[in-house]
Amino acid sequence: MSAGHPELVAAIASEVTASGPIPFVRFMELALYHPQFGYYMRSSKPAAERIGRNGDFYTSSDVHPILGQALAKQAEQMDRLLGQPSLFTIIEMGPGKGLLARHILSASQRDYPSLFHRLHYVLIEPSPAMREAQRHNLAAWLDQPQRITWVDALAHLPPHSLTGLFLSNELVDSFPVHRIQMTVQGIEELWVDYRDGRFVECLKPLSSDRLASHLRPISSDWPEGYRTEVNLQAVDWITHVAQRLNRGFVLTIDYGHTAQDLYCTDRKRGTFLCYRQHKVHEDPFQYVGEQDMTTHVDFSSLATAGEGQGLQTTGFTNQMSFLMGLGIEQMLVGFDQDSPELAAAIQLLRPNGMGTTFKVLIQHKAVPHPALDGLRYQPFFRSALTTQSAA
Ligand SMILES: C[S@@+](CC[C@H](N)C(=O)[O-])C[C@H]1O[C@@H](n2cnc3c(N)ncnc32)[C@H](O)[C@@H]1O
């Protein structure tokens with residue numbers, strides 16, 4: 001078993017040795033996003049090679065283009081609800097290999113020429129190596145002026161600059177999280193120490209007052225030994241997204257739950273997982289920088305924080321219901337019943353798999369009462385999304 005990428009391990013170890021134990025959230029930030037050696041940032045083995053069947057994990061866009069086709073259809077309806085502005089912008093953050101962007105652009109070009117004519121696609125991607133992979137997958141449109149642009153960070157977009165759709169797929173689950181445990185002393189946080197040449201976890205008081213106040217409304221009935229995670233970066237993120245939206249929608253796809261469901265007493269071990277070569281385990285201290293780390297998203301905190309920033313909650317559903325609302329059955333007509341393509345598309349719908357573990361949250365600003373096809377079937381009551389929420 002490897003401890004991980006040697007230079008990354010040395011960089012994290014030296015920070016711990018200099019300052020003492022660091023909160024787990026800092027360890028995860030360095031492991032995934034250290035500017036030179038982080039899992040998602042290294043150019044010697046870019047994340048593009050880590051996503052997909054030959055990598056560590058795959059995402060919906062690796063499975064089948066149907067999600068991108070459905071999103072194009074949803075974007076076309078959003079465009080009409082916005083009165084077909086002179087420019088409809090889709091901003092995708094954390095676009096991975098650029099496959100979802102490719103599927104959305106191809107479907108728009110083929111099926112929705114009026115939208116395509118006014119469509120500008122922006123990718124938020126800090127890693128030059130990932131941008132290369134995206135350029136390769138989006139080559140068909142690179143010679144069209146103003147069709148596709150890249151920015152390094154959300155912060156580089158001016159406030160109120162977006163009219164259109166802000167989109168992400170499996171972005172928020174990759175944000176660094178605080179890890180929490182209920183002990184006899186009360187709620188404590190996991191910190192990371194470096195002893196005898198190894199990273200080890202230790203329990204210490206919470207690292208900030210903000211974390212303590214976030215935990216107060218959700219933690220009252222947790223039993224001793226209960227472990228979970230808190231994604232404060234997600235709350236900051238939706239706040240920044242809301243500030244950049246002038247008119248339009250925010251559509252977030254990820255695995256996750258309402259706060260009520262995520263923080264229920266039955267879920268005693270939290271949702272933190274590591275992925276390497278399609279194997280799943282819970283040990284963040286092996287293969288540091290050579291494995292992905294994720295947690296399930298608290299969609300309630302996104303809805304509540306968004307509402308505090310002028311984003312109304314349009315609705316919340318799962319991927320299966322989202323795709324069915326957008327007419328996936330008609331999109332699949334004509335596929336050979338035994339074809340691997342149909343089997344792949346159905347994978348995105350499976351009630352015991354991607355169809356229900358993935359959720360879709362849509363929020364809007366300055367669009368009166370939008371009724372969206374993707375939200376036609378919503379198996380979650382809206383009140384459940386914001387009950388027991390802690391943004
Ligand atoms: C699990 S991958 C998903 C990739 C892609 N959306 C897909 O579905 O295949 C998460 C991606 O989010 C990116 N990411 C995380 N934080 C980011 C940030 N602050 N800005 C831009 N991208 C970010 C990571 O670099 C990584 O490429």
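# Helix packing and selected residues

Visitor: In which hand does helix 9 pass helix 11?
Guide: This is a predicted model. In it, the crossing in which helix 9 passes helix 11 is right-handed.

Visitor: Which residues of helix 9 and helix 11 make the contact?
Guide: On the side of helix 9, A234, V235, I238, T239 and A242 take part. The partners on helix 11 are S301, L302, A305 and G306.

Visitor: Is helix 9 parallel or oblique to helix 11?
Guide: Helix 9 (residues 232–244) and helix 11 (residues 299–307) have axes 9 Å apart and pack at an angle of about 40°. That angle therefore makes helix 9, relative to helix 11, oblique.

Visitor: Is W237 buried or exposed?
Guide: W237 has its place in helix 9. A residue is buried if 20 or more other C-beta atoms lie within 10 Å of its own. W237 has 20 C-beta neighbours inside 10 Å, so W237 counts as buried.

Visitor: What separates the C-alpha atoms of W237 and S108?
Guide: Along the chain, W237 and S108 are 129 residues apart.

Visitor: At what angle do helix 4 and helix 5 pack?
Guide: Helix 4 covers residues 66–81 and helix 5 covers residues 99–111. Their axes are 8 Å apart, and the packing angle is about 55°.

Visitor: Are helix 4 and helix 5 parallel or oblique to each other, and in which hand do they cross?
Guide: Angles of 65 to 115 degrees count as roughly perpendicular and those under 35 as roughly parallel. At about 55°, helix 4 and helix 5 are therefore oblique to each other. Their crossing is right-handed.

Visitor: Which residues of helix 4 and helix 5 make the contact, and how many are charged?
Guide: Helix 4 contributes L67, G68, Q69, L71 and A72. Helix 5 contributes L100, H103, I104, A107, S108 and D111. By class, the contact of helix 4 with helix 5 has six nonpolar and four polar residues, and the number of charged residues is one.

Visitor: Is H34 buried or exposed?
Guide: H34 lies in the loop between helix 2 (24–33) and helix 3 (60–63). Within 10 Å there are 21 other C-beta atoms, so H34 is buried.

Visitor: Which residues is H34 in contact with, leaving aside its neighbours within four places in sequence?
Guide: H34 and A11 are 23 residues apart in sequence, and their C-alpha atoms are 9.0 Å apart in space. With those sequence neighbours left aside, the contacts of H34 are L8, A11 and M41.

Visitor: Which residues come nearest to the ligand?
Guide: The shell around the ligand has 10 nonpolar, six polar and two charged residues. Of the 18 residues around the ligand, those that come nearest are Y40, T59, G94, G96 and E170.

Visitor: Is S161 buried, exposed or partly exposed?
Guide: S161 is in the loop between strand 4 (148–151) and strand 5 (162–169). With 13 other C-beta atoms within 10 Å, S161 is therefore partly exposed.

Visitor: Which residues does S161 touch, not counting residues up to four places away in sequence?
Guide: S161 and T89 are 72 residues apart along the chain, with their C-alpha atoms separated by 9.7 Å. Not counting residues up to four places away in sequence, S161 touches R244 and N246.

Visitor: Is H278 buried or exposed?
Guide: H278 sits in the loop between strand 11 (273–276) and strand 12 (279–281). Phi of H278 is near 65°, a positive value in a residue other than glycine. H278 has 11 C-beta neighbours inside 10 Å and so counts as exposed.

Visitor: Is Y287 buried or exposed?
Guide: Y287 is in the loop between strand 12 and strand 13 (292–294). Its phi is near 50°, again a positive value in a residue other than glycine. There are 21 C-beta neighbours inside 10 Å, so Y287 counts as buried.

Visitor: What separates the C-alpha atoms of K279 and D56?
Guide: K279 lies in strand 12. With 10 C-beta neighbours inside 10 Å, K279 counts as exposed. K279 and D56 are 223 residues apart along the chain, and their C-alpha atoms are separated by 7.6 Å.

Notes
Residues are numbered from 1 along each chain as its sequence is written. This is a predicted model: local features need pLDDT of at least 70, side-chain atom pairs count only at pLDDT 80 or more; totals for chains, interfaces and linings use all residues. Axes are lines fitted to C-alpha atoms, for helices over the stretch in contact, and angles run from 0 to 180 degrees between N-to-C directions. Helices (H or I, at least four residues) and strands (E, at least two) are DSSP runs, numbered from the N terminus. Angles under 35 degrees count as roughly parallel, over 145 as roughly antiparallel, 65 to 115 as roughly perpendicular and the rest as oblique. A crossing is left-handed if the near helix is turned anticlockwise from the far one by less than a right angle, and right-handed if clockwise. Two residues are in contact if their C-beta atoms, placed from the backbone, lie within 7 Å. Ala, Val, Leu, Ile, Met, Phe, Trp, Tyr, Cys and Pro count as nonpolar, Asp, Glu, Lys and Arg as charged, and the others, Gly among them, as polar. A residue is buried if 20 or more other C-beta atoms lie within 10 Å of its own, exposed if 12 or fewer, and partly exposed in between; C-beta atoms are placed from the backbone. A residue is near a molecule or strand if its C-beta atom, placed from the backbone, lies within 6 Å of it.
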